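Let's walk through this structure together, one question at a time. Have the sequence and the 3D view open beside you.

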Amino acid sequence: MSLAKAQALSDSRGMSLYFRPVSQFGPARPAQAERIAQGWCWFSEVEVLERGRAPRIVPASALPDEVRARICAPRAALAGLTLSAPRIMGIVNATPDSFSDGGVFNAPEKAGARVREMVAQGADIIDIGGESTRPGAQTVPVAEEIARSAPVVRAACDAGVPLSIDTRKAPVAAAALAAGATMVNDVSAFNYDPQMIDVVAKNDVPVCLMHSRSDPRTMQDNPVYDDVLLDVFDHLRARLDLAERAGIARERIIVDPGIGFGKTLEHNLALLRRLDLFHALGCAVLLGASRKRFIGTLSGEEVAERRVAGSLGVALAALGKGVQIVRVHDVRETRQAVALWHAASGLCVT
Ligand code: HH2
């Protein structure tokens, strides 16, 4: 029985199959291998995942056509930035309480200078946020979040790279877009503010939809999943469908599994080990793991600023699974690591 027939059969029983391209990279790409998003990773095999069943590996030739098309289609440029090579998103938190750099860049001039410094260090995009979403963080009133973030966007909008506004709130996104931002990063994936989807649709800008569980205040209270990888995939698929129905083209959407947002260490690792599943959504994939708690847990490093090496390890592992964008605090170090990884792996980037 072909896999497509098997899929139809299992769908009729109300079950779903999930297809993960088993990503590889390097110079020895077999002639029959297919390229993930026409980028630097390729695959000859696919892992078929199903709830309650052991995964199995099948040749890439067994992939249903629709899924193959989603995985292999080139990703569109975002705000002028092509995705044929790994991209680095630098984080600028204009907040007093972010978990690793809170209070450091919360004056517009300082944050503007930080943006320019990150661009000089090799950032391809800058993500500016005025509200911490770390576990336990308190919600910031709209006016205050605008007062923190919009002046930073204004001070940085001649920096020469796309600026993204990291917010869950429509008025904050609208103010940042008016000030010169060209992308939206919503960690609630349109769940927090019902107006956000309209702001993105009307402004016709790229948007990152991240998986998260409830509110930052409570998200780490005993998170439970049926199957974290498949649950996160289904959630993002549903958010994508919603976005498309609102007129936001899939090619303008970036998906992100949301490391640390309502996830235990085991949940984070399960997502990281099979990140390449998310290419089956047909969008660019972003990963934000920089300096996060699980890096401290696994390395024994309590101080977030000293988790750079662990963050680089995770970023390179993600890029090796074809993730197009890594969101990081340490741009200089990430740029150097990516350049060396790229050269030493003999990456094929066109
Ligand atoms: N993580 C944070 C904030 N925004 N956006 C995306 N798309 N993905 C992430 O993983 C992500 C995110 C949390 O990190 P940080 O901005 O450094 O901290 P804080 O929320 O405390 O400002």
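This is a predicted model: local features need pLDDT of at least 70, side-chain atom pairs count only at pLDDT 80 or more; totals for chains, interfaces and linings use all residues.

Q: Where is Gln 38, and how does its accessibility class it?
A: Gln 38 is another non-glycine residue with a positive phi, near 55°. Its place is the loop between strand 2 (34–35) and strand 3 (42–43). Because its relative accessibility is 33%, Gln 38 counts as partly exposed.

Q: Which domains does the assignment give, and how many Å separate their centres?
A: The domain assignment gives domain 1 as residues 3–72 and domain 2 as residues 87–345. Contact between them involves 21 residues of domain 1 and 25 residues of domain 2. Taken over C-alpha atoms, their centres are separated by 27 Å.

Q: What is the order of strands in the open sheet, and which are its edge strands?
A: Three strands with antiparallel pairing make up this open sheet, in the order 1-4-5. Neighbouring strands are turned by 35° against each other on average, direction ignored. Each edge strand pairs on one side only, and these are strand 1 (17–21) and strand 5 (56–59).

Q: Which residue stands opposite Pro 21 in strand 4?
A: Strand 1 and strand 4 (residues 45–50) run antiparallel and are joined by five bridges. Helix 7 lies across both strands, at about 100° to strand 1. In strand 4, the residue opposite Pro 21 is Val 46.

Q: Which strands form the closed barrel, and how are they paired?
A: The barrel has eight strands and is closed. From one strand to the next, the twist averages 25°. The strands run 6-7-8-9-10-11-12-13, and the pairing is parallel.

Q: What is the bridge partner of Val 255 in strand 12?
A: Strand 11 (residues 253–256) and strand 12 (residues 284–287) pair over two bridges in the parallel sense. The partner of Val 255 in strand 12 is Val 285.

Q: At what angle to strand 6 does helix 11 run?
A: Helix 11 takes in residues 331–345. It lies across strand 6 (87–93) and strand 13 (325–328). Its direction relative to strand 6 is about 170°.

Q: How far apart are the end C-alpha atoms of helix 3, and what span should its 14 residues have?
A: Helix 3 covers residues 108–121. At 1.5 Å a residue, its 14 residues should span 20 Å. The end C-alpha atoms agree with this, as they are 20 Å apart.

Q: Which residues of helix 3 are buried?
A: The elements that cover the buried residues of helix 3 include strand 6, strand 7 (125–129), helix 4 (142–156), strand 8 (163–166) and helix 11. Just after the helix, Gly 122 takes a positive phi of about 115°. The buried residues in helix 3 are Ala 111, Gly 112, Arg 114, Val 115, Met 118 and Gln 121.

Q: Which residues touch the most other members of the largest nonpolar core?
A: This core has 88 residues. Helix 7 (residues 228–245) gives the most to it, with eight residues. The core draws at least three residues from each of domain 1 and domain 2. The members that touch the most others are Ile 126, Val 184, Phe 190, Phe 278 and Leu 287.

Q: Which residues is Arg 70 in contact with, leaving aside its neighbours within four places in sequence?
A: Arg 70 is found in helix 2 (residues 65–72). It counts as partly exposed, because its relative accessibility is 32%. The contacts of Arg 70, with those neighbours left aside, are Arg 75, Arg 250, His 279, Ala 280, Leu 281 and Gly 282.

Terms used
Residues are numbered from 1 along each chain as its sequence is written. Side-chain values use heavy atoms; hydrogens and water are left out. Two strands pair if DSSP finds at least two bridges between them. Helices (H or I, at least four residues) and strands (E, at least two) are DSSP runs, numbered from the N terminus. Axes are lines fitted to C-alpha atoms, for helices over the stretch in contact, and angles run from 0 to 180 degrees between N-to-C directions. Contact means heavy atoms within 4.5 Å. The expected span of a helix is 1.5 Å times one less than its number of residues. Buried means under 20% relative accessible area, exposed over 50%, partly exposed in between (1.4 Å probe, protein chains only). A nonpolar core is a set of buried Ala, Val, Leu, Ile, Met, Phe, Trp, Tyr and Cys residues joined through side-chain atoms within 4.5 Å. Domain bounds come from an automatic or database domain assignment.
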